[in-house]
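Good morning, and thank you for the time.

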Amino acid sequence: MKRTLVLTAFVLIGFAATPLLALDNGLARTPPMGWNSWNKFACNVSEDLIRGAADSIVRNGMKEAGYEYVVIDDCWQVSRDVEGNIVPDAKRFPSGMKALGDYIHSKGLKFGIYSDAGRGTCQNRPGSRGYEYQDARQYAAWGVDYLKYDWCNHDTQDSQSSYETMRDALAKSGRPIVFSICEWGSTKPWLWAGSVGNLWRSTGDILDKWDGKEKWGGNGVVQILDLQDGIESYAGPGHWNDPDMLEVGNGGMTDTEYQSHFSLWCLMAAPLMAGNDLEHMSDATKTTLTNKEVIAVDQDAAGIQAKRVRKAGGLEVWVKQMSDGSRAVGLLNRTGVEAEINVAWTELGYPDRLSASVRDLWAHANVGTHKGTYAAKVASHGVMVIRVTPE
Ligand code: GLA
């Protein structure tokens, strides 16, 4: 009996792909959704911008679609006072952070903020090193619900213990605060961050590009996608791989490419942080960001990240197992011309003879019952997202 138990434990541990201890703060049971100022506005943040973003989320249907966290990224902070308290930029945030948090909360949304585990942020504003508990107390007093914690100016610090210090400080603050780790995948956070944060960046910064790479670490959509292949088993409720925030609507890609970027992020159970100008967005951008059927793939309760099951000549198939037993499938065409992509049921883990209904989640249309396989034409740089449900 004892031996069976030991053996069972051994087998479980051996095969448990997700971290055995997930961060125990009860938050982010599905991938967090919201908006972050960085991708579009960089250091140009102010209380007017943030209030405007909160107003837009309510007005344009994004709140109803699930977007919740309004996050101010870098550059809101200017210095520390003589007691070491972090000082927000009084010109850009004249009403103060507590008032801004209250405003965001009055809209039924949540308030997010940014800091850095090193001595300075990536824009050389004060970081939190040595002030972790003081900062966490301050954030809690302001009503902060989400902290993105960056990794610039870390000198010789150890990543895991640096992030653990802030995890413990947030826990001590007494306020539930989602902890978003941003160390760019440099020390393989998927191996250690499950018990430290609710999400962790798995790559360098996203570029507003379909395909491209910058020496400083910037990646296009397909480069980021390739870096997720193989780490999918580390994601799950409360602890997510974060392939970085969305660029949808920022102007560097076509509408098809933005739709594909969004589709792939949803298949990957990625946090969905819009990063565009919400007050001035096109109908195409809004349609992409608020497609509830595709968002439901991202937000599925099982929290299983899609796996790439085929990669051949620029045509790929990504499969996400859903909690109801169906499969969300992404048919990705990376080539420069339209192409037919097929998927075999056996690639989904289904028997060949199974009849399953297929729904196109962008067309919002059922496309019939199929046995063993489904095929469709996919535009260049397009992703068709289908849901395959056994009958
Ligand atoms: C780093 C992060 C970005 C952003 C900037 C802000 O590059 O990865 O997401 O927060 O810093 O300076």
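This is a predicted model: local features need pLDDT of at least 70, side-chain atom pairs count only at pLDDT 80 or more; totals for chains, interfaces and linings use all residues.

I begin with the ligand. For Gln 123, an N or O atom of the side chain is 3.1 Å from an oxygen atom of the ligand. For Trp 184, the corresponding distance, again from a side-chain N or O atom to an oxygen atom of the ligand, is 3.1 Å.

Where is the place of His 381? It is in the loop between strand 17, residues 373–378, and strand 18, residues 383–390. Leaving aside residues up to four places away in sequence, His 381 touches Trp 210, Thr 256, Glu 257, Ser 260, Asn 333, Arg 334 and Thr 335. With one of these, Glu 257, the side chain of His 381 makes a polar contact of 2.6 Å. Glu 338 is 43 residues from His 381 along the chain, and the C-alpha atoms of the two are separated by 8.4 Å.

The remainder of this talk concerns helix packing. Two packed helices are described by the angle between their axes and the distance between the axes.

Consider helix 3, residues 47–59, and helix 5, residues 97–106. Their axes come within 10 Å and cross at roughly 10 degrees. Angles under 35 degrees count as roughly parallel, and helix 3 and helix 5 are therefore roughly parallel to each other. From helix 3, the residues Glu 47, Ile 50, Arg 51, Ala 54 and Asp 55 meet Ala 99, Leu 100, Tyr 103 and Ile 104 of helix 5. By class, this contact has 6 nonpolar, no polar and 3 charged residues.

The second pair is helix 8, residues 221–228, with helix 9, residues 255–267. These pack at an angle of about 15 degrees, their axes 11 Å apart, which makes helix 8 roughly parallel to helix 9. The crossing of this pair is left-handed. Val 221, Ile 224 and Leu 225 of helix 8 meet His 261, Leu 264 and Trp 265 of helix 9. The residues of this contact divide into 5 nonpolar, 1 polar and no charged.

Finally, helix 6, residues 132–142, packs with helix 7, residues 159–173, at an angle of about 40 degrees, and the axes are 8 Å apart. That angle makes helix 6 oblique to helix 7. Helix 6 passes helix 7 in a right-handed crossing. Among the residues that meet here are Tyr 133, Arg 137 and Tyr 139 in helix 6, and Met 166, Asp 168 and Lys 172 in helix 7. The contact of helix 6 with helix 7 has 7 nonpolar, 2 polar and 5 charged residues.

Thank you for your attention.

Conventions:
Residues are numbered from 1 along each chain as its sequence is written. Side-chain values use heavy atoms; hydrogens and water are left out. Axes are lines fitted to C-alpha atoms, for helices over the stretch in contact, and angles run from 0 to 180 degrees between N-to-C directions. Helices (H or I, at least four residues) and strands (E, at least two) are DSSP runs, numbered from the N terminus. Angles under 35 degrees count as roughly parallel, over 145 as roughly antiparallel, 65 to 115 as roughly perpendicular and the rest as oblique. A crossing is left-handed if the near helix is turned anticlockwise from the far one by less than a right angle, and right-handed if clockwise. Contact means heavy atoms within 4.5 Å. Ala, Val, Leu, Ile, Met, Phe, Trp, Tyr, Cys and Pro count as nonpolar, Asp, Glu, Lys and Arg as charged, and the others, Gly among them, as polar. A polar contact is a pair of N or O atoms within 3.5 Å; within protein, one must be able to donate a hydrogen and the other to accept it, and residues adjacent in sequence count only if both atoms are side-chain atoms.
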